[in-house]
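Try each task before reading its solution.

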Amino acid sequence: MTATDTHRAIDAVWRIESPRLIAGLARFVRDVGLAEDLAQEALVIALERWPEAGVPDNPGAWLMTTAKRRAIDALRRRQRLGRKHEEIGRELEGRQARSGADLDAAVDDDIGDDLLRLIFTACHPVLSTEARLALTLRLLGGLTTGEIARAFLVPEATVAQRIVRAKRTLAEAGVPFEVPRGAERAARLSSVLEVIYLVFNEGYAATAGDDWMRPALCEDALRLGRILAELAPDEPEVHGLVALMEIQASRAGARTGPSGEPVLLLDQDRARWDPLLIRRGLAALARAEALGGADGPYALQGAIAACHARARTPEETDWARIAELYGVLARRTPSPVVELNRAVAVSMASGPAAGLALVDALTAEPSLRSYHLLPSVRGDLLAKLGRLDEARTEFERAASLTRNERERTLLRGRAERCARGLPP
């Protein structure tokens, strides 16, 4: 194996093992920031040694063993250790003395609980949304700072500062490395699900930049969602979120044209939708409903996505059912964006005039003033009613508000068609 091959192998190992490694270390050192530093040190040592010695049979166990040794050394070097640190050091030394086989087995000890603790810690509400996103992708996605920066189109230094501040905030707030229980668990779980879905959405419909989609982010979010569903199998909203992401991800291959241009839902070739992801999504939705979570916000959105997935053609879509589900979602989690989506469903079920009446009622909503989809939807409904001049104005306004170049081009094209008296 060449040095290049070894480095590629190390990169692959890191992506797979780093969340497990950091989670396992954090349980011992009680500090997520220190755990990541130790994991990174183990990676540096691997980069130095593996090109010559070869990749070990169990690279995850090798990294864990190396990181634990670094933890012991770091704790020994500290002159003012508290009793807790001394106990941790002795515990680590005792584990380090095990045989190689025992160490390999130890890597998997409580790994599920450790990963769940890490997820809840990285997504702690004490952190800002941006910090939770960056820290989750770093610790659980195995992404580098540069990769996160490129994914969200922000400077690498900004991401680095967010991660540093996030770790400092967790330490200063004394956030325990544990899975919350009781009433706190529901609130904390909501924060976790929000972060995962934000990552997915940024991949599914990028808010800015030259690409309509960033599939790698969708894949990261799906992987995290699937892991969480395995670790928290009795939480219906976890399965609801997985259902929503699986079904939406099934359309990925049909959402862009040959040149990367956006293809809207009703124009997509449904033969290109991934049937495996649809089956997985429907199974996850059934699990959420079986657990009594049919009216959860993510389960409701998953049920809406399922209506589209079950329709072999756009004409077969049960828009009345979708409008009904959006109505339930609006009552469950009131939101102008949900109302806008409901208006679209109503327009498809009862005609564009009915939808336009609902959209017009939202035009004074302060939170939607810079939301490009409001004029985009309004333009579409006006065009269906034959009011092409008004529709053109709305599409132009929508194009001025979006920060995604692909979407801007699409909206400008629709405006130009209206100007020529053609349906958009």
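Predicted model: local features only at pLDDT ≥ 70, side-chain atom pairs only at ≥ 80, totals over all residues.

**Exercise 1: Helix α2**

Task: Find which residues of α2 are buried, then describe the length and the bend of this helix.

Solution: Residues under 20% relative accessible area count as buried. In α2 these are Val-32, Gly-33, Ala-35, Glu-36, Leu-38, Ala-39, Ala-42, Leu-43, Ile-45, Ala-46 and Trp-50.

Next, take the length. Helix α2 covers residues 32-53, 22 residues in total. From first C-alpha to last, α2 reaches 30 Å, close to the expected 32 Å.

Finally, look for the bend: α2 has a kink of about 30° at Leu-47, shortly before Pro-51.

**Exercise 2: Where α7 meets α10**

Task: Work out how α7 and α10 pack, and which residues meet.

Solution: Two packed helices are described by the angle between their axes and the distance between the axes. For α7 (residues 129-139) and α10 (residues 183-204), the angle is about 75° and the axes are 10 Å apart. That makes α7 roughly perpendicular to α10.

Now list the partners. From α7 come Thr-129, Arg-132, Leu-133, Thr-136 and Leu-137; from α10 come Ser-191, Glu-194, Val-195, Leu-198 and Val-199.

**Exercise 3: A loop proline**

Task: Is Pro-125 buried, exposed or partly exposed, and what is in contact with Pro-125?

Solution: Locate Pro-125 in the loop between α6 (111-122) and α7. Its relative accessible area is 45%, so Pro-125 is partly exposed. Leaving aside neighbours within four places in sequence, Pro-125 is in contact with Arg-188 and Ser-191.

Notes: Residues numbered from 1 in each chain as written. Heavy atoms only, no water. Axes fitted to C-alpha atoms, helices over the stretch in contact; angles between N-to-C directions. Helix = DSSP H or I, 4+ residues; strand = E, 2+ residues; numbered from the N terminus. Parallel < 35°, antiparallel > 145°, perpendicular 65-115°, else oblique. Contact = heavy atoms within 4.5 Å. Expected span 1.5 Å × (residues − 1). Bend = angle between axes of the 7 residues up to and from the residue. Buried < 20%, exposed > 50% of the residue type's maximum accessible area, 1.4 Å probe, protein only.
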